[in-house]
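Please keep both in view while working through the points.

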Amino acid sequence: MSEALYSSWIEISRSAYRKNIEFFKGRLNAGTELAVVIKANAYGHGMVEIAHFADECGIRVFCVHSIDEALILRKHGFTQRIVVVGPTIKRMAKAAVENDIEVLCCDPEYLHNYDNIAKSLGKTVNIHLKIETGTNRQGIAGQVLIAFIEELKKCTNVKLRAVYSHFANIEDTTDHSYARFQIERFKREISYIREAGFSGFDMHFASSAAATIYNNTHFNMVRLGIAQYGLWPSKETYLSYIIEHGHGPEHILTPVLSWKTVIGQVKTIKAGDFVGYGCSHQMTRDSKIAIIPIGYSDGYDRKLSNQGYVLVHGKRAPVIGRIAMNLTTIDVTDIPDVKAEDEVVLIGEQGDQIIRAEQVAALAGTINYEVVARLSDRIPKVVVD
Ligand SMILES: *Cc1c(COP(=O)(O)O)cnc(C)c1O
């Protein structure tokens, strides 16, 4: 790292990524497409870097949230299929069609807008129709779906590429009755679409949790998000998996990301001295503290103030005082010989210690998804192995 001009960086492991993808490839039936979800800057891992890893693993479909993410991938030369799973507004439609980006569509007005634009460009637009099955987010069902299908029949330059949905309650439970209920609704609407004369479309429903523990949700494609990064969607998913397959995490998913920084300054302070804004921490003994150049604007949650810990010389050093925008203070009194520029691990391994995104999440009152997705895109990515 000595040549680098940054004091905090994210390491992403190519071999860990490959291992996770191989695991999922091994679980899917032949003919089921493994699409990777790389929205939110690939959950903080770096969208372009992860797209390269995925490309090296032979991945043929990327899912992103927005057209602008899709355009960044096209600009970097990725020729894979790209599916935008978030809403697109009308003025983005032309860019989508021109760049062969597949889009979520479940509104007749937007449908005709796509059809007109595709006609004027002499192209066909591929849409993914989202079915409302019980999550009550995006998607349509019942009469609204019937009306949409009638309009779709009139469109000459729109292809129904896929029909899909999203589970509401797989991650948070080991009881999958609600997921089964959603699948039943999905299948009913699919039969209706077939009866209306459509065929040859793909179907997809599963994200990481369903892909990991629930094989009959795979249909033609799986949308793999957090698990490709080596993180479990939840404890419940992990438990459901090991109850069925019975082996430890080291054999299954490997975290791809580590977040590191270096110490900026070390100093000694006296018993009774306060640390940081609000004087929220007071030393009870003469102490040695270290200042690290990361804070909440980097994605280190302010709720970790007086709660979190980092690794220095392979030992845990507690966060003391409030986390500031770009600075955090840690207590290194019990760690010998700490000096400026020593490496600090915020997420990842050092010596025989490890800090997992899940541990950080628990301390900050959130989930691993949020811990990684909120890592600032300013933090440079370094590819390792
Ligand atoms: C984010 C997202 C996913 C990925 O979910 P994970 O739990 O991270 O696998 C899948 N599908 C849709 C529609 C999403 O928005």
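This is a predicted model: local features need pLDDT of at least 70, side-chain atom pairs count only at pLDDT 80 or more; totals for chains, interfaces and linings use all residues.

In what follows, Ala, Val, Leu, Ile, Met, Phe, Trp, Tyr, Cys and Pro count as nonpolar, Asp, Glu, Lys and Arg count as charged, and the others, Gly among them, count as polar. With that sorting, the shell of residues around the ligand divides into 4 nonpolar, 4 polar and 3 charged.

**The ligand and its surroundings**

- The residues that surround the ligand are Val37, Lys39, Tyr43, His166, Glu171, Ser207, Ser208, Arg223, Gly225, Ile226 and Tyr369.
- Among these residues, Lys39 has a side-chain N or O atom that is 2.6 Å from an oxygen atom of the ligand.

**Strand S3 and its partners**

- Strand S3 covers residues 61-64, and its side chains point two ways, with Val61 and Cys63 on one side and Phe62 and Val64 on the other, while all four of them are buried.
- Strand S2, made of residues 33-37, runs parallel to S3 and is joined to it by 3 bridges.
- Val37, which is one of the residues surrounding the ligand, stands opposite Cys63 in S3.
- S3 is also joined to strand S4, residues 81-84, by 4 bridges, and these two strands run parallel.
- Within that pairing, Val61 has Arg81 of S4 as its bridge partner.

**Strand S7 and its partners**

- Strand S7 spans residues 158-164, and because 6 of its 7 residues are buried, the strand is largely enclosed by the rest of the structure.
- Strand S6, residues 125-130, runs parallel to S7, and 6 bridges join the two.
- Asn126 has Lys159 in S7 as its bridge partner.
- To get from S6 to S7 the chain goes through helix H7, residues 142-153, in a β-α-β crossover that is right-handed.
- S7 pairs with strand S8, residues 202-204, in the parallel sense over 3 bridges, and the bridge partner of Ala162 in S8 is Asp202.
- A right-handed β-α-β unit is made by S7, helix H8 (residues 177-195) and S8.

**Two individual residues**

- Val125 lies in strand S6, and since buried means under 20% relative accessible area, this residue counts as buried because its value is 2%.
- Val125 and Ser165 are 40 residues apart in sequence, and their C-alpha atoms are 20 Å apart in space.
- Ser287 has its place in strand S14, which consists of residues 287-292, and with a relative accessible area of 4% this residue is buried.
- A polar atom in the side chain of Ser287 lies 2.8 Å from the backbone oxygen of Arg285.

How values were computed:
Residues are numbered from 1 along each chain as its sequence is written. Side-chain values use heavy atoms; hydrogens and water are left out. Buried means under 20% relative accessible area, exposed over 50%, partly exposed in between (1.4 Å probe, protein chains only). Two strands pair if DSSP finds at least two bridges between them. A residue is near a molecule or strand if one of its heavy atoms lies within 4 Å of it. A polar contact is a pair of N or O atoms within 3.5 Å; within protein, one must be able to donate a hydrogen and the other to accept it, and residues adjacent in sequence count only if both atoms are side-chain atoms. A crossover is right-handed if, with the strands pointing away from the viewer, the path from the first strand over the helix to the second runs clockwise.
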